[in-house]
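Welcome! Let us walk through this structure together, beginning with a single residue and widening the view step by step.

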Amino acid sequence: MRHKKLFVNLLFAAAILLAAGVLFALRGAGQDPDAPRKAQLIYGDGNATLDFPLDTDAVYDVDTGYLTVHIEVKDGAARFVDSPCPDHICEGYGWLTLEDQTATCLPARAVLTIAPAL
């Protein structure tokens, strides 16, 4: 009886992992790496947005009303850099390159994401 329960649990875990793998593959398969994209910063209590072109290397300083975040755009990617927040978790997200990737700086109430350039 115990072996049957273990087998059922392993089978269930394998099915979940297979479904996650399929969803992950489908998410990446639908993206065109050459499609125009932009970095978008959503910040503050009013959800203000700023768009940054990914084809121009630059560093942007944005006052969110709580902290001034620094966004670096380089080689078609964007990231939080040199954050004034106390824990610097937002810097740990690294470079965002794919559509729908996000990084969040909670103390600054700011979300950086890669979005399609429409």
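**Starting from threonine 113**

Setting aside residues up to four places away in sequence, threonine 113 touches Lys38, Ala39, Gln40, Asp100, Gln101 and Thr102; contact here means heavy atoms within 4.5 Å. Before going further, please note that this is a predicted model, in which local features need pLDDT of at least 70 and side-chain atom pairs count only at pLDDT 80 or more, while totals for chains, interfaces and linings use all residues. Residues are numbered from 1 along each chain as its sequence is written, and side-chain values use heavy atoms, with hydrogens and water left out.

Where does threonine 113 sit? Its place is in strand 7; helices (H or I, at least four residues) and strands (E, at least two) are DSSP runs, numbered from the N terminus. Threonine 113 counts as buried because its relative accessibility is 11%, and buried means under 20% relative accessible area, with exposed over 50% and partly exposed in between (1.4 Å probe, protein chains only). A polar atom of the threonine 113 side chain lies 3.1 Å from the backbone oxygen of glutamine 101.

Now look across to the neighbouring strand. Threonine 113 in strand 7 stands opposite threonine 102. Strand 6 and strand 7 (residues 110–116) are paired in the antiparallel sense over four bridges; two strands pair if DSSP finds at least two bridges between them. Which strands make up the open sheet? Four strands form it, in the order 2-1-7-6, with antiparallel pairing. Its edge strands, each pairing on one side only, are strand 2 (48–53) and strand 6 (102–105). From one strand to the next, the twist averages 25 degrees, with axes taken as lines fitted to C-alpha atoms, for helices over the stretch in contact, and angles running from 0 to 180 degrees between N-to-C directions.

Next, turn to strand 4 (residues 68–74), where five of the seven residues are buried. Strand 3 (residues 58–63) runs antiparallel to strand 4, and six bridges join them. Along this pairing, tyrosine 60 stands opposite isoleucine 71, and valine 62 has valine 69 as its bridge partner. The two strands form a hairpin with four residues between them, and glycine 65 in the turn has a positive phi of about 95 degrees.

Strand 4 also pairs with strand 5 (residues 77–80), in the antiparallel sense over four bridges. Here glutamate 72 stands opposite arginine 79. Strands 4 and 5 form a hairpin too, with two residues between them; aspartate 75 in its turn has a positive phi of about 55 degrees.

What lies in the largest nonpolar core? This core has 20 residues, and those with the most contacts inside it are Leu41, Val69, Ile71, Phe80 and Leu112. Strand 1 (37–43), strand 4, strand 5, strand 6 and strand 7 are the elements that give two or more residues to this core. A nonpolar core is a set of buried Ala, Val, Leu, Ile, Met, Phe, Trp, Tyr and Cys residues joined through side-chain atoms within 4.5 Å. Leaving aside neighbours within four places in sequence, the contacts of phenylalanine 80 include Leu41, Val69, Ile71, Cys90, Ala103 and Leu112.

Finally, step back to the whole protein. It has two helices and seven strands, and from the N terminus on the elements run α-β-β-β-β-β-α-β-β. Of its 118 residues, 26% count as buried.

Key
Polar contact = N/O pair within 3.5 Å; in protein donor to acceptor, adjacent residues only side chain to side chain.
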